[in-house]
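Let us take a friendly walk through a protein model. Have the sequence and the 3D view ready, and follow along one residue at a time.

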Amino acid sequence: MGSHIETELGKLKGIILKIGNLAESQVAEAVKALLSEPVMEGKEVKKTENRIDKLDVKIDEICQSVFALHQPVASDLRFIMSAMQISNEIERIGDLAISIIKKSKNIKDKHDLIVKFSIADIARLVEEITIKTNECFLTRNQSTIGEIFILNNTIKNESDEAIHNIINEMKSNSKTVVSGTNLVIVLKHLERISEHCTNIAEYVYFMINAKIIKHEKFGEKKFDTDNLD
């Protein structure tokens with residue numbers, strides 16, 4: 001049998017994977033709401049949000065217990081420190097997804113703007129980066145970390161361009177002001193989800209290598225592409 005600390009760390013990893021998957025499902029629902037696709041009932045969305053909140057509290061409890069009752073070695077200590085930060089990032093992703101769902105329901109005549117400025121493509125990229133982030137934590141594959149950083153840059157650039165174009169559209173067509181303003185808010189939320197995913201990738205890199213790296217500097221670093229246990 002493994003030690004008590006190994007059991008607790010195993011629980012911690014499992015809970016983070018669980019809330020990561022829940023947040024991933026929230027992002028998928030947010031994208032559906034934005035693109036006017038069928039979404040789950042509001043009570044189900046709320047139920048998922050509550051589950052994320054409860055699991056986030058459980059993560060804090062496990063981390064505090066390990067700190068209080070054990071003397072974790074360096075690698076375990078990095079995992080615990082990263083887990084607490086990752087949990088916070090995931091909770092924020094879920095909150096932003098809920099905000100997108102609510103905002104999207106109130107945007108009238110959004111279809112034309114979404115098509116005109118390729119917003120669906122940006123939303124799908126945010127879905128992709130969320131999936132890769134969960135994969136990154138599970139496998140600790142450093143090449144996936146690099147893919148996340150690259151995706152984040154793409155999302156930011158495409159979102160910034162779309163926002164610029166929407167603002168110009170609102171200036172030339174006053175009828176688009178309300179929908180355009182709400183879509184800009186949604187795009188900023190999508191950007192923030194992408195940033196939170198990238199922050200998680202940074203914490204995973206710290207867990208693996210005991211080094212802090214900011215994604216803006218990723219291109220200047222050299223990484224192994226092998227999976228790390």
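This is a predicted model: local features need pLDDT of at least 70, side-chain atom pairs count only at pLDDT 80 or more; totals for chains, interfaces and linings use all residues.

Residues are numbered from 1 along each chain as its sequence is written, and side-chain values use heavy atoms, with hydrogens and water left out.

**The core**

In soluble globular proteins, nonpolar side chains tend to be buried together. A nonpolar core is a set of buried Ala, Val, Leu, Ile, Met, Phe, Trp, Tyr and Cys residues joined through side-chain atoms within 4.5 Å. Buried means under 20% relative accessible area, exposed means over 50%, and partly exposed lies in between (1.4 Å probe, protein chains only). In this model the largest nonpolar core has 67 residues, and Leu12, Leu34 and Val204 touch the most other members. Two or more of its residues come from each of α1 (4-34), α2 (42-69), α3 (74-105), α4 (111-116), α5 (119-139), α6 (142-172) and α7 (177-209). Those labels come from DSSP runs, numbered from the N terminus: helices are H or I with at least four residues, and strands are E with at least two.

Which residues does Val204 meet? Contact means heavy atoms within 4.5 Å. Leaving aside neighbours within four places in sequence, Val204 is in contact with Ile86, Cys136, Phe137, Arg140 and Ile145.

**Two helices and what follows them**

The expected span of a helix is 1.5 Å times one less than its number of residues. Here are two helices to compare with that rule.

| Helix | Residues | First to last C-alpha | Expected span |
|---|---|---|---|
| α1 | 31 residues | 45 Å | 45 Å |
| α5 | 21 residues | 30 Å | 30 Å |

Look next at the backbone after each helix. Just after α1, Ser36 has a positive phi of about 60°. Arg140 follows α5 and sits in the loop between α5 and α6. Its phi is positive at about 55°, although Arg140 is not a glycine. Ala210, another residue other than glycine, has a positive phi near 60°. Ala210 lies in the segment after α7 and, at 42% relative accessibility, counts as partly exposed.

**Cysteines without a bond**

How many disulfides does a search of the whole structure find? A disulfide is a pair of cysteine sulfur atoms within 2.5 Å, and the search finds zero. For Cys63, the nearest cysteine sulfur is that of Cys136, 18 Å away. The closest cysteine sulfur to that of Cys197 is also in Cys136, at 9.9 Å, which is too far for a bond. Cys63 is buried at 0% relative accessibility, and Cys197 is buried at 0% as well.

**An aromatic pair**

Rings of Phe, Tyr and Trp (its six-membered ring) pair if their centres lie within 6.5 Å; planes under 30 degrees apart count as stacked, over 60 as edge-to-face and the rest as tilted. The structure holds one aromatic pair. The ring centres of Phe79 and Phe137 are 6.3 Å apart and their planes are at 25°, so this pair is stacked. The two residues are 58 apart in the chain, with Phe79 in helix α3 and Phe137 in helix α5. Phe79 is buried at 6% relative accessible area, and Phe137 is buried at 3%.

Is Ser194 buried or exposed? Ser194, in helix α7, is buried at 0% relative accessibility. Beyond neighbours within four places in sequence, Ser194 is in contact with Ile129, Asn152 and Ile155.

His196 is also in helix α7 and is buried, with a relative accessible area of 10%. Its contacts, again leaving aside neighbours within four places in sequence, are Glu89, Arg92, Ile93 and Leu96.

Glu135, in helix α5, is partly exposed at 34%. Leaving aside neighbours within four places in sequence, Glu135 is in contact with Arg140 and Thr144.
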